[in-house]
Amino acid sequence: MIKRFVPIERGYKCRIYPNQKQKDIINQTIGSSRWVYNYFLDKAKQNGYANKTQYIKDLPKLKNQEETSWLKNADSIALQQSIRDLDKAFQDFFNGDKGFPNFKSKKGSRLSYRTEYFKRSSGTESIEIKGNKIKLPKVSWIKFSNYSEENIGGKLNNVTVSKSRTGKYYISINVEKIKVVEVNYSNDGQIGIDLGLKDFAITSEGEKIENPKHLSKYENKLARLQKQLARKKEGSNNWQKLKHKIAKVHEKIKNVRTDFLHKLSTRLVKENQFICLENLNIEGMVKNSKLGKHITDVSWGKFTDMLEYKGDWYNCIIQKVDRFFASSQTCNECGTKNPNVKDLSVRNWTCECGAEHDRDLNASLNILQEGKKLLAG
Ligand SMILES: [Zn+2]
């Protein structure tokens, strides 16, 4: 038996009873967060989407302008969060997961804001909890119900402050906790998975997991439509029609992929107790890659997320292995590194020790070995 400490996230929803002054600050922060979201969305619509770092830098300038100086009254961490939310909406749009971001209306959107926990260099914390009181930026100390410091525990991540349509106020405290999992450390049900180039993935058991059927058909269609779109006049009727068609194909691709990822992740966590896989830097890759590969990388991130939360349900440990770990180039039998394998076109190779390798299978075996080391570590 081996004890394993797995980080998990938990949310605690509590009612709060702010006084009038605190209500004013909360309402202002909710309104200002929505305003900030809409302001930068409008800016993005006019000048194209810049990036969150730029927009966060613009915030203090807005506070110093007379007509928007009221932003100073709101929790500034929440306003930055609004920009991060907008960034997420744009990333989802760029990935084809969702449509173009919409403005947030006072009536249609949730009355809430999120504020992050962090420790300042001075040692003070943005959010503090003592007993059944919480200190939120700008709002200061406020009593909450249902839970107390002891039952919440864990490491504070963030707090969402919300107001119901009937005027009640709530907070949802998000914390990271450590769950202790005991695993039978046998050799059964342990696999390494390598992200494939041709297939979706390959396991250390030698199973090649193919990409879902029909997917390439839709991807080709998408590429064709996007080429057509580039030739149309932006904003014209035909351009609009084509845009709509493209959104539909994106949706189809997303559905096929999601369904595939759900079925695969469920099967793997049920069949195994220990799964190791590469921890890819998705954000970095998306910026640097072409469309086809990019879609694979994005689904790899989703796949990892699914394995992780389903692993919790089925008591299967998911171990991520550092992506810089040279899994393809190292011989699984003798440990010799073969730099020629860096070349992605090398599918099979023979090591100087005589071992013959399938590129991806060798990589998945190395990932499993590295994962075991980290688990025992
Ligand atoms: Zn070797």
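Predicted model: local features only at pLDDT ≥ 70, side-chain atom pairs only at ≥ 80, totals over all residues.
Buried means under 20% relative accessible area, exposed means over 50%, and partly exposed is in between, with a 1.4 Å probe and protein chains only. Residues are numbered from 1 along each chain as its sequence is written, and side-chain values use heavy atoms, with hydrogens and water left out.

**Salt bridges**

- A salt bridge here is a side-chain nitrogen of Lys or Arg within 4 Å of a carboxyl oxygen of Asp or Glu; searching the whole structure turns up 15 salt bridges.
- As background, side chains of opposite charge can pair when their charged atoms come close.
- D92 and K88 sit four residues apart in helix α3 (residues 76–94), so about one helical turn separates them; helices (H or I, at least four residues) and strands (E, at least two) are DSSP runs, numbered from the N terminus.
- D92 is buried at 9% relative accessibility, whereas K88 is partly exposed at 49%.
- In helix α9 (residues 359–376), K373 and E370 are three residues apart, which again means a separation of about one helical turn.
- The closest N and O atoms of the K373 and E370 salt bridge are 3.6 Å apart; K373 is exposed, with a relative accessible area of 59%, and E370 is buried at 17%.
- Elsewhere, salt bridges link K43, D58 and K61 in a network.

**Helix α5**

- Helix α5 (residues 215–231) has 17 residues and should span 24 Å at 1.5 Å a residue, which agrees with the 25 Å between its end C-alpha atoms; the expected span is 1.5 Å times one less than the number of residues.
- Its buried residues are L215, Y218, L222, L225 and L229.
- Those residues cover an arc of only 90° around the axis, so they lie on the same side of α5; the arc is that of the directions from the helix axis to the C-beta atoms.
- Turned away from that buried side is a face with the exposed residues K217, R224, K227, A230 and R231.

**Surface patch**

- F5, I178 and V180 make up a nonpolar surface patch, with about 310 Å² of accessible area together.
- Patches are made of residues with over 30% relative accessible area and no salt bridge, joining like charges within 9 Å and nonpolar side chains (Val, Leu, Ile, Met, Phe, Trp, Tyr) within 5 Å.
- Accessible areas come from the Shrake-Rupley method with a 1.4 Å probe; for residues, only the protein chains shown count as cover.
- F5 belongs to strand β1 (residues 2–16) and is exposed at 52% relative accessibility.

**Loop residue N272**

- N272 is found in the loop between α6 (237–271) and β11 (274–279), and at 8% relative accessibility N272 is buried.
- Although N272 and D188 are 84 residues apart along the chain, their C-alpha atoms are separated by 7.5 Å.

**Annotated region**

- An unreviewed UniProt entry gives residues 9–51 the annotation "domain: Transposase putative helix-turn-helix"; such annotations may be inferred rather than shown by experiment, and positions follow the numbering used here, with feature names shortened.
- In the model, residues 9–51 are 65% helix and 19% strand, with the end C-alpha atoms 28 Å apart.
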